Amino acid sequence: MDTIETIRYARPISGAQVDPLAHRGFVGRTAVVLRSLVRQIDRMLERRRGRLALMEMTDEQLKDIGVSRCDAHREGIRPFWE
């Protein structure tokens, strides 16, 4: 008896939507989610560092970039997740 070859398509046929994580196992999907979470946390911390740097600028530096002291303070006290 001959074996039957399994046909696997690299792309979905007829434009059907396919979950990009469907071919990964549990560990692969978990790794993707964790990497995404780490990237999001990194972006939030970078935003916070930028806001703190803005609050530490002198009035002359703020004037150079066109931001008032009040605007810099208002931006600096925002939570890092916003």
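Is Leu-37 buried, partly exposed or exposed? That was my opening note today, and I kept in mind that this is a predicted model.

**Entry 1: Leu-37.** I looked up its relative accessible area and found 44%. Buried would need a value under 20% and exposed one over 50%, so Leu-37 falls in between and counts as partly exposed. I then checked where Leu-37 sits, and that is helix α1, which covers residues 26-56.

**Entry 2: the patch.** Leu-34, Leu-37, Ile-41 and Leu-45 make a nonpolar surface patch of about 340 Å².

**Entry 3: the whole chain.** I stepped back for the overall layout. I counted 3 helices and 0 strands, and the pattern along the sequence reads α-α-α. Of the 82 residues in the chain, 7% are buried.

**Entry 4: α1 and α3.** How do these two helices pack, and at what angle? I noted an angle of about 150° between α1 and α3 (residues 69-76), with the axes 8 Å apart. That angle makes α1 roughly antiparallel to α3, because the cut-off for that label is over 145 degrees. I also wrote down the handedness: α1 passes α3 in a left-handed crossing.

**Entry 5: Phe-80.** My last stop was the segment after α3, where Phe-80 is placed. Its relative accessibility is 35%, so I logged Phe-80 as partly exposed. I also looked up how Phe-80 relates to Glu-46: the two are 34 residues apart in sequence, and their C-alpha atoms are 8.8 Å apart in space.

Terms used:
Residues numbered from 1 in each chain as written. Predicted model: local features only at pLDDT ≥ 70, side-chain atom pairs only at ≥ 80, totals over all residues. Heavy atoms only, no water. Patch = residues over 30% accessible without salt bridge, like charges linked within 9 Å, V, L, I, M, F, W, Y side chains within 5 Å. Areas by Shrake-Rupley, 256 points an atom, 1.4 Å probe, with all protein chains shown as cover. Salt bridge = Lys/Arg side-chain N within 4 Å of Asp/Glu carboxyl O. Helix = DSSP H or I, 4+ residues; strand = E, 2+ residues; numbered from the N terminus. Buried < 20%, exposed > 50% of the residue type's maximum accessible area, 1.4 Å probe, protein only. Axes fitted to C-alpha atoms, helices over the stretch in contact; angles between N-to-C directions. Parallel < 35°, antiparallel > 145°, perpendicular 65-115°, else oblique. Left-handed = near helix turned anticlockwise from the far one by under 90°.
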